[in-house]
Amino acid sequence: MRIFRRPFGFSRRLLKVESCRITESESLIPLAWTSLIQKLSRAPIIFLLDQRKRFSTMPEIETNQRDSELFSPPSNVRGMTKLDRTAFKKKVTIPVLKVRKEIVSKLMRSLKRAALQRPGIKRVIEDPEDEGSRLIMLDPYKMISDDSFEKAELSILKQLNVNSHIAEYNLELTYENFKSEEILRAVLPEGQDVTSGFSRVGHIAHLNLRDHQLPFKHLIGQVMIDKNPGITSAVNKTSNIDSTFRNFQMEVLSGEENMTTKVRENSYTYEFDFSKVYWNPRLSTEHSRITELLKPGDVLFDVFAGVGPFAIPVAKKNCTVFANDLNPESHKWLSHNCKLNKVDQKVKVFNLDGKDFLQGPVREELMQQLGPLSQEKKHSVHIVMNLPAKAVEFLSALKSLLDGPPCSNEFLPIVHCYSFSKDANPAKDVQQRAGAVLGISLEACSSVHLVRNVAPNKEMLCITFQIPAAILYKNQTLNLENNEAPPLKRQKMGKAFSEEKTQIYSVT
């Protein structure tokens, strides 16, 4: 690579200089235009070049485009479907400052503004023509000429006896120097959406590619593996989540086909076969939120437990947990993860349909926990129903579930039921649908929490409420005004919705 010892010549390429001469006809310019010109003269996008009436406009978008062009892969990779890393070689001209190697560290602290800020490219390199010197890479859009240094920078250069002359350096960029988004933007058809994000599940990158990206799917998968340390497999979802076992079909785009992985979430370890069970890394905050609601000694019934992200943290709080999942694979890994996290003595695991679980083990345990003959100190009981596509339908299994005289209201089970909504008022929508299944009004006595935005105009929410005794017990009548459920305790549930505020919900 060669260094050219001449003034850096980016100014002619980057700035379009126009002449503006004020003529006698200026007085005929309308007042509005005069005002506009005055505003433009004060705008930060105008760079006065000298005392003459010359200026150049450099809007931020143009700067971004130029930066994208300079540090983007060569144009001949457009349309590539099989990754060829050697095709990404490109030479660019970068401004450099020559300095003595012994002052580099001290000088770099004062040149943060001027130095090149580009991941993957060293800011200081050896001078191929002088062993005792180093070359500091400078930002090509800030350091246009020798006059681009600010006063403070010039002062430190003078103190350290450094010549402020800027030279050029021919830098060769390779595949390793480009970000995944830059590579994909260069390869995919111009103007198309670029996939640079994914869900990470252990060593697996899980993508949801769009139709226009499918011809490039294997290249995209390999790029994701190359650019993300620890990722050794990239998969694409090829079907919607199955509402029975909550898994989906996937295609391995690149890398190893081993789907058995290990993840860490909120200090707990989970192992599972990602191709056969449900796991969503975006729910870690929600798992923590529910866990924090329970106190030692409380009881949790996890109706759709998956591989244990609710059950295991709650069991670690010295709670009693009954965890169920219909998917045999989820049941297997749930049992495995309970042992892995040393809570298998606190968690009873079931492999049943959700309705059978509620009307079987849950009913039996509630009869013991809430029955009048129970001698044990009563603790809070929580029922988590995390199957957003269908969980609301399973609320019907709670109707007339228990026999005998009802327990005190304070010990009635608290339900956390998840659901999707595309309604303009998603909180009210979920309250009304859950209430319709139970035959009561929940709008003034439940809290609705926004878990996450799943897709445009589609939200995932959690409605929390206490089951009325008249619903939970047989041969009871609703004696509450307007058939409403009992009010929630604020200290347990956090912020509940009032009738006037059902459109406001907390976001994680």
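Predicted model: local features only at pLDDT ≥ 70, side-chain atom pairs only at ≥ 80, totals over all residues.

Reader: What share of the residues in the protein is buried?

Author: Buried means under 20% relative accessible area, exposed over 50%, and partly exposed in between, with a 1.4 Å probe and protein chains only. Of the 508 residues in the protein, 47% are buried. The accessible surface (Shrake-Rupley method, 1.4 Å probe; for residues, only the protein chains shown count as cover) comes to about 26700 Å², and carbon and sulfur atoms hold 48% of that surface.

Reader: What do the contacts say about separation in sequence?

Author: Contact means heavy atoms within 4.5 Å. Among contacts between residues at least 6 apart in sequence, 70% join residues at least 24 apart.

Reader: In what order do the strands of the open sheet lie?

Author: Two strands pair if DSSP finds at least two bridges between them. Four strands form an open sheet in the order 9-10-11-12, with mixed pairing. Strand 9 (199–201) and strand 12 are the edge strands, each pairing on one side only. From one strand to the next, the twist averages 30°; axes are lines fitted to C-alpha atoms, for helices over the stretch in contact, and angles run from 0 to 180 degrees between N-to-C directions. Strand 10 and strand 11 run parallel and are joined by four bridges, and I204 stands opposite S233 in strand 11.

Reader: Where does helix 7 lie?

Author: Helix 7 lies across strand 10, strand 11 and strand 12, running at about 60° to strand 12. Its buried residues are L219, I220, G221, V223, M224 and I225. These buried residues pack against helix 6 (180–187), strand 10, strand 11 (233–237) and strand 12 (250–255).

Reader: Is Q213 buried or exposed?

Author: Q213 counts as buried because its relative accessibility is 2%. Q213 is placed in the loop between strand 10 (204–207) and helix 7 (217–227). Leaving aside neighbours within four places in sequence, Q213 is in contact with L188, D193, V194, T195 and I220. I220 is also one of the buried residues of helix 7.

Reader: How many salt bridges does a search of the whole structure find?

Author: Side chains of opposite charge can pair when their charged atoms come close. A salt bridge is a side-chain nitrogen of Lys or Arg within 4 Å of a carboxyl oxygen of Asp or Glu. The search finds 16 salt bridges. One of them joins the side chains of D226 and R85, at 3.0 Å from N to O. This pair links distant parts of the chain, 141 residues apart: D226 is in helix 7, and R85 is in the loop between helix 3 (60–70) and strand 5 (90–100). D226 is partly exposed at 30% relative accessible area, and R85 is partly exposed at 37%.

Reader: Which residue forms a salt bridge with K98?

Author: D130 does, the closest N and O atoms being 3.3 Å apart. D130 lies in strand 7 (residues 130–137) and K98 in strand 5, so the pair ties together parts that are 32 residues apart in sequence.

Reader: What separates E181 and R185 in helix 6?

Author: An α-helix has 3.6 residues a turn, so residues three or four places apart point the same way. E181 and R185 are four residues apart, about one turn of the helix. Their side chains meet in a salt bridge (2.6 Å, N to O).

Reader: Which residues have the most contacts inside the largest nonpolar core?

Author: A nonpolar core is a set of buried Ala, Val, Leu, Ile, Met, Phe, Trp, Tyr and Cys residues joined through side-chain atoms within 4.5 Å. The largest has 43 residues, and F301, I383, M385, L395 and V415 have the most contacts inside it. Helix 11 gives the most to this core, with five residues. Leaving aside neighbours within four places in sequence, L395 is in contact with M385, V415, C417, A434, V437, L438 and F465.

Note on methods:
Residues numbered from 1 in each chain as written. Heavy atoms only, no water. Helix = DSSP H or I, 4+ residues; strand = E, 2+ residues; numbered from the N terminus.
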